[in-house]
Amino acid sequence: SHQSATKPMIMMTRHVKGIGAWTESLIQPPAGAAGLDWPRMITSGPNHNYIHVLVCSGPTSLGGTAYQGLDAAILYYRSLDGGATWDKAGVILPQMTSADYNGFGGDDYAWATPHGDTLVFVVGGTWSDVFIMKSVDNGNTWTKTQIMPHYYTKNPLNQITPRFVCSDGSLACEMDKTGRVHVAFGRMRALDDGTGHKYAPGTDGLVYWNSDMPVLDTLIVTDIDSLIAHNLCIGYVA
(Lines give C-alpha, C1' and ligand atoms only; values in the text may rest on other atoms or scores of the structure.)
Protein backbone atom coordinates (compact mmCIF):
# COMPACT_ATOMS: atom_id res chain seq x y z
CA SER A 1 0.00 0.00 0.00
CA HIS A 2 1.04 3.64 -0.26
CA GLN A 3 1.36 6.26 2.44
CA SER A 4 1.78 9.60 0.65
CA ALA A 5 3.50 11.23 -2.30
CA THR A 6 6.64 11.74 -0.22
CA LYS A 7 6.96 8.36 1.52
CA PRO A 8 7.93 4.80 0.50
CA MET A 9 5.50 1.94 -0.09
CA ILE A 10 4.56 -0.41 2.71
CA MET A 11 4.70 -4.18 2.17
CA MET A 12 3.04 -6.57 4.62
CA THR A 13 4.10 -10.25 4.58
CA ARG A 14 3.62 -13.44 6.52
CA HIS A 15 5.26 -16.78 5.84
CA VAL A 16 2.19 -19.02 5.94
CA LYS A 17 -0.97 -18.08 4.09
CA GLY A 18 -3.82 -17.27 6.48
CA ILE A 19 -1.81 -17.87 9.66
CA GLY A 20 0.43 -15.78 11.88
CA ALA A 21 1.41 -12.17 12.40
CA TRP A 22 2.14 -9.74 9.58
CA THR A 23 5.59 -8.19 9.16
CA GLU A 24 5.85 -4.66 7.78
CA SER A 25 8.68 -3.50 5.52
CA LEU A 26 9.28 -0.43 3.36
CA ILE A 27 10.00 -0.30 -0.37
CA GLN A 28 11.93 2.84 -1.19
CA PRO A 29 11.50 5.10 -4.23
CA PRO A 30 14.46 5.52 -6.61
CA ALA A 31 16.86 8.38 -5.91
CA GLY A 32 15.28 11.61 -7.12
CA ALA A 33 11.67 10.50 -6.61
CA ALA A 34 9.86 11.81 -3.54
CA GLY A 35 7.60 8.84 -2.82
CA LEU A 36 5.55 5.96 -4.26
CA ASP A 37 1.78 5.95 -4.78
CA TRP A 38 -0.99 3.61 -6.02
CA PRO A 39 0.81 0.23 -6.21
CA ARG A 40 -0.57 -2.74 -8.15
CA MET A 41 0.94 -6.17 -7.48
CA ILE A 42 0.89 -9.69 -8.93
CA THR A 43 2.88 -12.82 -8.10
CA SER A 44 4.21 -15.61 -10.31
CA GLY A 45 6.84 -18.35 -10.40
CA PRO A 46 7.45 -21.34 -8.12
CA ASN A 47 5.25 -20.97 -5.03
CA HIS A 48 4.40 -17.46 -6.28
CA ASN A 49 7.69 -16.14 -4.91
CA TYR A 50 8.18 -13.71 -7.83
CA ILE A 51 6.59 -10.36 -7.02
CA HIS A 52 5.85 -7.76 -9.69
CA VAL A 53 4.74 -4.24 -8.74
CA LEU A 54 3.65 -1.20 -10.75
CA VAL A 55 3.58 2.08 -8.82
CA CYS A 56 3.63 5.81 -9.55
CA SER A 57 6.26 8.21 -8.30
CA GLY A 58 4.67 10.83 -6.06
CA PRO A 59 3.07 13.58 -8.22
CA THR A 60 3.68 17.29 -7.70
CA SER A 61 -0.04 17.87 -7.13
CA LEU A 62 0.23 15.89 -3.88
CA GLY A 63 3.56 17.31 -2.75
CA GLY A 64 5.87 14.99 -4.70
CA THR A 65 8.40 15.84 -7.39
CA ALA A 66 8.74 15.09 -11.09
CA TYR A 67 11.00 12.08 -11.71
CA GLN A 68 13.11 11.81 -14.88
CA GLY A 69 10.87 14.36 -16.55
CA LEU A 70 7.62 12.61 -15.63
CA ASP A 71 5.10 14.02 -13.17
CA ALA A 72 4.01 10.65 -11.76
CA ALA A 73 6.20 8.12 -13.57
CA ILE A 74 5.01 4.51 -13.72
CA LEU A 75 7.77 2.43 -12.11
CA TYR A 76 8.37 -1.33 -12.22
CA TYR A 77 9.66 -3.35 -9.25
CA ARG A 78 10.49 -7.08 -9.25
CA SER A 79 11.52 -9.47 -6.52
CA LEU A 80 12.56 -13.07 -7.18
CA ASP A 81 12.72 -14.06 -3.51
CA GLY A 82 9.34 -13.15 -2.06
CA GLY A 83 10.18 -9.52 -1.42
CA ALA A 84 13.43 -10.02 0.50
CA THR A 85 15.35 -8.18 -2.25
CA TRP A 86 14.39 -6.30 -5.42
CA ASP A 87 16.51 -6.96 -8.52
CA LYS A 88 14.49 -4.38 -10.47
CA ALA A 89 13.56 -1.29 -8.46
CA GLY A 90 12.06 1.93 -9.77
CA VAL A 91 12.51 1.04 -13.46
CA ILE A 92 10.86 3.20 -16.14
CA LEU A 93 10.10 0.81 -18.98
CA PRO A 94 10.93 1.63 -22.63
CA GLN A 95 8.37 3.81 -24.45
CA MET A 96 6.96 4.98 -21.11
CA THR A 97 9.53 7.76 -20.65
CA SER A 98 9.37 11.56 -20.72
CA ALA A 99 10.00 11.36 -24.48
CA ASP A 100 6.51 9.85 -24.77
CA TYR A 101 4.48 11.29 -21.87
CA ASN A 102 4.32 14.15 -19.39
CA GLY A 103 3.21 11.75 -16.68
CA PHE A 104 0.45 9.34 -15.67
CA GLY A 105 -2.54 9.29 -13.36
CA GLY A 106 -3.03 7.24 -10.23
CA ASP A 107 -4.49 3.77 -10.84
CA ASP A 108 -4.28 4.20 -14.64
CA TYR A 109 -2.85 0.68 -15.00
CA ALA A 110 -3.84 -2.92 -14.30
CA TRP A 111 -2.15 -6.32 -14.42
CA ALA A 112 -3.39 -9.44 -16.19
CA THR A 113 -3.01 -12.80 -14.45
CA PRO A 114 0.49 -14.14 -15.31
CA HIS A 115 0.88 -17.26 -17.49
CA GLY A 116 4.27 -18.80 -16.72
CA ASP A 117 6.91 -16.20 -17.62
CA THR A 118 4.42 -14.13 -19.65
CA LEU A 119 3.33 -10.91 -17.98
CA VAL A 120 0.93 -8.26 -19.30
CA PHE A 121 -0.40 -4.99 -18.00
CA VAL A 122 -2.60 -2.29 -19.54
CA VAL A 123 -2.22 1.49 -19.19
CA GLY A 124 -4.60 4.28 -20.14
CA GLY A 125 -5.81 7.61 -18.84
CA THR A 126 -7.28 10.95 -19.75
CA TRP A 127 -3.88 12.27 -20.89
CA SER A 128 -2.22 9.09 -22.15
CA ASP A 129 -2.96 6.63 -24.91
CA VAL A 130 -4.28 3.15 -24.09
CA PHE A 131 -1.68 0.40 -24.53
CA ILE A 132 -0.48 -2.93 -23.22
CA MET A 133 3.02 -3.89 -22.14
CA LYS A 134 3.94 -7.56 -22.52
CA SER A 135 6.95 -9.54 -21.29
CA VAL A 136 7.61 -13.18 -22.19
CA ASP A 137 10.73 -13.46 -19.99
CA ASN A 138 9.38 -12.69 -16.52
CA GLY A 139 9.85 -8.92 -16.74
CA ASN A 140 13.36 -8.72 -18.20
CA THR A 141 12.23 -7.17 -21.50
CA TRP A 142 8.94 -5.58 -22.57
CA THR A 143 7.05 -4.91 -25.81
CA LYS A 144 4.48 -2.13 -26.15
CA THR A 145 1.29 -2.49 -28.22
CA GLN A 146 -0.95 0.51 -28.70
CA ILE A 147 -4.70 0.02 -28.30
CA MET A 148 -6.03 3.56 -28.83
CA PRO A 149 -3.82 6.52 -29.78
CA HIS A 150 -3.75 9.81 -27.91
CA TYR A 151 -2.46 12.86 -29.75
CA TYR A 152 -1.89 15.15 -26.75
CA THR A 153 0.24 13.09 -24.36
CA LYS A 154 2.91 15.83 -24.44
CA ASN A 155 0.46 18.75 -24.36
CA PRO A 156 1.71 21.55 -22.08
CA LEU A 157 -0.81 22.68 -19.48
CA ASN A 158 -3.02 25.54 -20.74
CA GLN A 159 -2.28 24.88 -24.41
CA ILE A 160 -5.66 24.62 -26.17
CA THR A 161 -6.72 21.28 -27.68
CA PRO A 162 -9.94 20.17 -29.32
CA ARG A 163 -12.16 17.82 -27.35
CA PHE A 164 -10.85 14.28 -27.90
CA VAL A 165 -11.70 10.73 -26.91
CA CYS A 166 -9.57 8.85 -24.37
CA SER A 167 -9.74 6.36 -21.53
CA ASP A 168 -11.19 7.41 -18.19
CA GLY A 169 -8.43 5.50 -16.37
CA SER A 170 -10.56 2.49 -15.37
CA LEU A 171 -9.09 -0.58 -17.07
CA ALA A 172 -8.89 -4.35 -16.86
CA CYS A 173 -7.08 -7.01 -18.89
CA GLU A 174 -6.67 -10.79 -18.97
CA MET A 175 -4.96 -13.40 -21.14
CA ASP A 176 -6.79 -16.45 -22.47
CA LYS A 177 -5.28 -19.90 -22.99
CA THR A 178 -4.03 -18.97 -26.47
CA GLY A 179 -2.15 -15.92 -25.18
CA ARG A 180 -4.69 -13.46 -26.60
CA VAL A 181 -5.00 -10.38 -24.39
CA HIS A 182 -8.49 -9.01 -23.70
CA VAL A 183 -8.90 -5.40 -22.50
CA ALA A 184 -11.85 -3.34 -21.27
CA PHE A 185 -11.67 0.36 -20.48
CA GLY A 186 -14.00 3.24 -19.75
CA ARG A 187 -14.55 5.81 -22.49
CA MET A 188 -13.91 9.51 -21.74
CA ARG A 189 -13.64 12.85 -23.51
CA ALA A 190 -11.15 15.52 -22.50
CA LEU A 191 -9.66 18.83 -23.65
CA ASP A 192 -7.55 21.78 -22.60
CA ASP A 193 -9.49 25.03 -23.00
CA GLY A 194 -6.51 27.22 -22.20
CA THR A 195 -7.14 27.16 -18.47
CA GLY A 196 -5.99 23.62 -17.74
CA HIS A 197 -6.74 19.99 -18.47
CA LYS A 198 -10.47 19.23 -18.29
CA TYR A 199 -12.61 16.14 -18.85
CA ALA A 200 -16.28 15.43 -19.58
CA PRO A 201 -17.51 13.08 -16.81
CA GLY A 202 -20.83 12.44 -18.53
CA THR A 203 -19.10 10.49 -21.33
CA ASP A 204 -20.39 6.93 -21.53
CA GLY A 205 -19.33 3.54 -22.86
CA LEU A 206 -17.22 0.55 -21.84
CA VAL A 207 -14.83 -0.27 -24.70
CA TYR A 208 -13.59 -3.78 -25.60
CA TRP A 209 -10.39 -4.70 -27.48
CA ASN A 210 -8.25 -7.81 -27.88
CA SER A 211 -4.75 -8.34 -29.24
CA ASP A 212 -6.01 -9.90 -32.48
CA MET A 213 -7.56 -6.52 -33.38
CA PRO A 214 -5.84 -3.53 -35.01
CA VAL A 215 -5.30 -0.23 -33.21
CA LEU A 216 -8.67 1.35 -32.44
CA ASP A 217 -9.78 4.15 -34.76
CA THR A 218 -10.48 7.16 -32.54
CA LEU A 219 -13.23 8.31 -34.93
CA ILE A 220 -15.11 5.07 -34.20
CA VAL A 221 -14.62 5.42 -30.45
CA THR A 222 -15.60 9.12 -30.44
CA ASP A 223 -19.25 8.32 -31.27
CA ILE A 224 -21.09 5.90 -28.97
CA ASP A 225 -23.42 4.72 -31.76
CA SER A 226 -20.42 3.98 -33.97
CA LEU A 227 -18.73 2.12 -31.12
CA ILE A 228 -21.84 -0.05 -30.69
CA ALA A 229 -22.17 -0.61 -34.45
CA HIS A 230 -18.58 -1.91 -34.60
CA ASN A 231 -19.22 -4.34 -31.71
CA LEU A 232 -16.64 -2.56 -29.53
CA CYS A 233 -19.02 -1.42 -26.80
CA ILE A 234 -19.75 -3.92 -24.01
CA GLY A 235 -21.63 -1.60 -21.68
CA TYR A 236 -23.35 1.76 -21.47
CA VAL A 237 -25.99 3.60 -19.47
CA ALA A 238 -29.44 3.51 -21.11
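Trainee: How many disulfides does the structure hold?

Mentor: A disulfide is a covalent bond between the sulfur atoms of two cysteines. This predicted model holds zero disulfides. For Cys166, the nearest cysteine sulfur belongs to Cys233 and lies 15 Å away, whereas a disulfide requires the two sulfur atoms to be within 2.5 Å. Cys173 is likewise in no disulfide, with the sulfur of Cys56, its nearest, 16 Å away.

Trainee: Is Cys166 buried or exposed?

Mentor: The threshold for buried is under 20% relative accessible area. Cys166 has a relative accessibility of 1%, so it counts as buried. Cys173 is buried as well, at 5%.

Trainee: Which residues touch the most other members of the largest nonpolar core?

Mentor: That core has 33 residues, and those with the most contacts to other members are Ile74, Leu75, Met96, Trp111, Phe121, Val123 and Trp142.

Trainee: Which elements give two or more residues to this core?

Mentor: They are strand 1 (9–13), strand 3 (36–44), strand 4 (50–57), strand 5 (74–79), strand 7 (109–111), strand 8 (119–125) and strand 9 (128–135). Strand 4 contributes the most, with five residues.

Trainee: What does Trp111 touch?

Mentor: Leaving aside residues up to four places away in sequence, the contacts of Trp111 include Met41, Ile42, Val53, Leu54, Phe121 and Trp142.

Trainee: Which residues does the second core include?

Mentor: The second core is separate and has 23 residues, including Ala110, Val130, Val183 and Val207.

Terms used. Residues numbered from 1 in each chain as written. Predicted model: local features only at pLDDT ≥ 70, side-chain atom pairs only at ≥ 80, totals over all residues. Heavy atoms only, no water. Buried < 20%, exposed > 50% of the residue type's maximum accessible area, 1.4 Å probe, protein only. Core = buried A, V, L, I, M, F, W, Y, C linked by side-chain atoms within 4.5 Å. Helix = DSSP H or I, 4+ residues; strand = E, 2+ residues; numbered from the N terminus. Contact = heavy atoms within 4.5 Å.
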